[in-house]
Amino acid sequence: MKKKSIVIFCFVVAVAIALNLVAFMGLPGAMSSKFGGMLDSNTGIRQGIDLAGGSVISFQANADNPTESEMETVRSIYETRLNGAGYTESRISIGEGGKITIEIPSGSNASSEEEAESMTATEQTDAAVELLSQVAKLTFQDADGNVVLNGDDVTSAKSIYGQPSQNANSQYYVQVEFTSEGSKKFAEATAAAAAKASPNNIIKIVMDDTVVSSPRVQEKIDSTSCVITGDFTAEDSSMLANQISSGNLPFEMTKISQETVGAELGRDALPTSLTAAAIGIFLVMLFMIWRYRLPGLIADISLLIYVGLISLAMGVFRVNLSLSGIAGIVLSIGMAVDADCIIFERMKEELAVGKTIRASVEAGFNKAFSAIIDSNVTTIISCVVLYMSGIGTVTGFATTLGIGVVLSMITAIFITKFLMRNLVNIGATNKNLYFNAKKALGGAANE
């Protein structure tokens, strides 16, 4: 039992180290192209405008005295477009007289890593501006240019990977849902298009007088939805679905200015913040060892695993990280060791009444469990509410804090407990290795 526990303990430590190496350095060798680490510009996190700079675009409504409700509709459509394109850290503000300003962090919609590497920062932000500028009026037209449907007839559109029909190969396609009135219009339009010879058997999808897709119609489609197929990449289908979902603006919006801005906090803001976070983690680890001795060392190993997990999650899911997001991560680190402190204090209470190390470990976790769950669940609820606000910097904070809280709960409840049990199995049962036995336990005997 002792030898097995030592092997398991060493294995967990090795996993913790490897996890952090992969999270920050990326996969080894040729696999690095798939994931080059959290800080890799192509496969890792995306930086918010305060860290990486980006574009600031201002639009003006072509309407007299637009209402607050109408401007909120514009904001909603712009947010849909930006979020759908992955710019979740974008900031949108409504000004007076129908003016709206959008700040878009530097990012790339390139379809390949090679294209992303060849794009300059200006080209990357221009691509985002072009995507945003296309949002205006959506229409469906026949081959002769007659409008058969408009954006009001569409309820939703989404990109899907799978089989668009029973005998088709798996591919990316777009599924469009219509209103009841839109379904009738679409059935009539597809019946008319299917009756025409190629190349006139098409229904064009037009955005701002620009044809974004021209799918061919083989037969009448009499349903509340349809699928649009083609030689789509994941990005192509996502962009088309996003364009269709955006629908119609209540009035035209004219771009009145666009400029590329540098990082508000300087290019060194991210590495400086990460260095500060690393120093903070190191000091927390020292405190845990000083305060809780051997259990503190176990907490540090769990914290190391937590740092690796959250860093890997940030990189793999390409989270848009701003300074507020970094704040969420740092806060969740504090909550991770907070749970361990609750557990160890409960253990200390059990040792004070003369229980053995093994019994105190089990009792400490059992008694601390409800308090840990309650505190973390309430924090998660707060994160959900903040995320639903839709404000870019707030959602960034909520996202990183929420992910961090969930992972910290896992490491505190499962990994710390697993390591503590193995520690006892190894034979580390001297109470002085856990706490100041003379001071805290009044000289209670060892197990």
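Figure 1. Arg421 is partly exposed, its relative accessible area being 38%. In this predicted model, the side chain of Arg421 forms a salt bridge with that of Glu362, at 2.8 Å from N to O. Arg421 belongs to helix α12 and Glu362 to helix α11 (residues 357-388), so the pair ties together parts that are 59 residues apart in sequence. Glu362 is likewise partly exposed, with a relative accessible area of 26%.

Figure 2. The side chains of Glu345 and Arg291 meet at 3.3 Å, N to O, in a salt bridge. Since Glu345 lies in helix α10 and Arg291 in helix α8, the pair ties together parts that are 54 residues apart in sequence. Glu345 counts as partly exposed at 23% relative accessibility, and Arg291 is partly exposed with a relative accessible area of 37%.

Figure 3. Asp144 and Lys196 are joined through their side chains by a salt bridge of 3.6 Å, N to O. The two residues are 52 residues apart and link distant parts of the chain: Asp144 is in the loop between β5 (138-141) and β6 (147-150), and Lys196 is in the loop between α6 and β9. Asp144 counts as exposed, at 60% relative accessibility, whereas Lys196 counts as partly exposed, at 30%.

**Figure 4. A network of salt bridges.** Glu350, Lys355 and Lys367 are linked in such a network. Over the whole structure, the search finds 8 salt bridges.

**Figure 5. The largest cavity and its lining.** The structure has 1 cavity of 30 Å³ or more, and the largest cavity has a volume of about 40 Å³. Elements that each give two or more residues to its lining are α9 (294-316), α10 (323-352) and α12 (392-426). Helix α12 gives the most, with 4 residues. The lining residues include Ala299, Leu303, Val337, Asp340, Ser408 and Thr416. By class, the lining has 5 nonpolar, 4 polar and 1 charged residues.

Figure 6. Ser198 and Pro199 are joined by a cis peptide bond, with omega of about 10 degrees. Pro199 is located in the loop between α6 (180-194) and β9 (204-207).

Figure 7. Asn65 is not a glycine, yet has a positive phi of about 50 degrees. This residue is in the loop between β2 (54-61) and α3 (68-84), and counts as exposed at 73% relative accessibility. Arg293, also not a glycine, has a positive phi of about 60 degrees. Arg293 occupies the loop between α8 (269-292) and α9 and is partly exposed, with a relative accessible area of 33%.

How values were computed: Residues numbered from 1 in each chain as written. Predicted model: local features only at pLDDT ≥ 70, side-chain atom pairs only at ≥ 80, totals over all residues. Heavy atoms only, no water. 1 Å grid on protein atoms, 1.4 Å probe; cavity = no way out; pocket = protein on both sides within 12 Å on 5 of 7 lines; lining within 4 Å. Points joined across faces, edges and corners; volume = space filled by probe spheres on them. Nonpolar A, V, L, I, M, F, W, Y, C, P; charged D, E, K, R; others polar. Buried < 20%, exposed > 50% of the residue type's maximum accessible area, 1.4 Å probe, protein only. Salt bridge = Lys/Arg side-chain N within 4 Å of Asp/Glu carboxyl O.
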